[in-house]
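Me: I would like to learn how to read charged residues in a structure. Please show me one and take me through it.

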Amino acid sequence: MGMTDLLKIISSIYKEPGFRYMTAAVPKSSIDYHPYNLKVVTHDNVDRDDYYTISSTGVTRLRDQETEYTALGIWEKEFKDYKIVINIPTFSKFRIWKAFAVWRKNVRTKKKKVPTATLR
């Protein structure tokens, strides 16, 4: 258990039919979090509020009493497409850009507040 490479997980499903449980490999607050960063876990280690099952027919996500099913071939294609998109510079540098934009906004706001306070 604990396998995190999705292509290996999918390959193992084709070789050894059955199903496996998966949950997020990292917490949602992690910089490494994304919808396909999953790991195989035992039934006992499933996060009952948000988990996946994967079988040779598809992937089912169970979250907050809602169920979402995707055929395995489609899910695998979406994963491969995600890997391509995330390597586009606009998307791969987004977190750095976002952090810089927030920092710059905070600096500008602080620069405006100091003179304003002095004038009062």
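Reply: Start with a surface patch: Arg 104, Arg 108, Lys 111 and Lys 112 form a positive one. This is a predicted model, in which local features need pLDDT of at least 70 and side-chain atom pairs count only at pLDDT 80 or more, while totals for chains, interfaces and linings use all residues. Residues are numbered from 1 along each chain as its sequence is written, and side-chain values use heavy atoms, with hydrogens and water left out.

Me: What are patches made of?

Reply: They are made of residues with over 30% relative accessible area and no salt bridge; like charges are joined within 9 Å, and nonpolar side chains (Val, Leu, Ile, Met, Phe, Trp, Tyr) within 5 Å. Lys and Arg count as positive, Asp and Glu as negative, and His and the chain ends are not counted. A charge is placed at NZ of Lys, CZ of Arg, CG of Asp or CD of Glu. Areas come from the Shrake-Rupley method with a 1.4 Å probe, and for residues only the protein chains shown count as cover.

Me: Where does Arg 104 lie?

Reply: Arg 104 belongs to helix H4 (residues 94-119). Helices (H or I, at least four residues) and strands (E, at least two) are DSSP runs, numbered from the N terminus. With 38% relative accessibility, Arg 104 counts as partly exposed; buried means under 20% relative accessible area, exposed over 50%, and partly exposed in between (1.4 Å probe, protein chains only).

Me: Which residues are linked with Lys 28 in a network of salt bridges?

Reply: Asp 50 and Arg 61 are linked with Lys 28. Between Arg 61 and Asp 50, the closest N and O atoms are 2.8 Å apart. Arg 61 and Asp 50 are both buried, whereas Lys 28 is exposed, at 55%.

Note on methods. A salt bridge is a side-chain nitrogen of Lys or Arg within 4 Å of a carboxyl oxygen of Asp or Glu.
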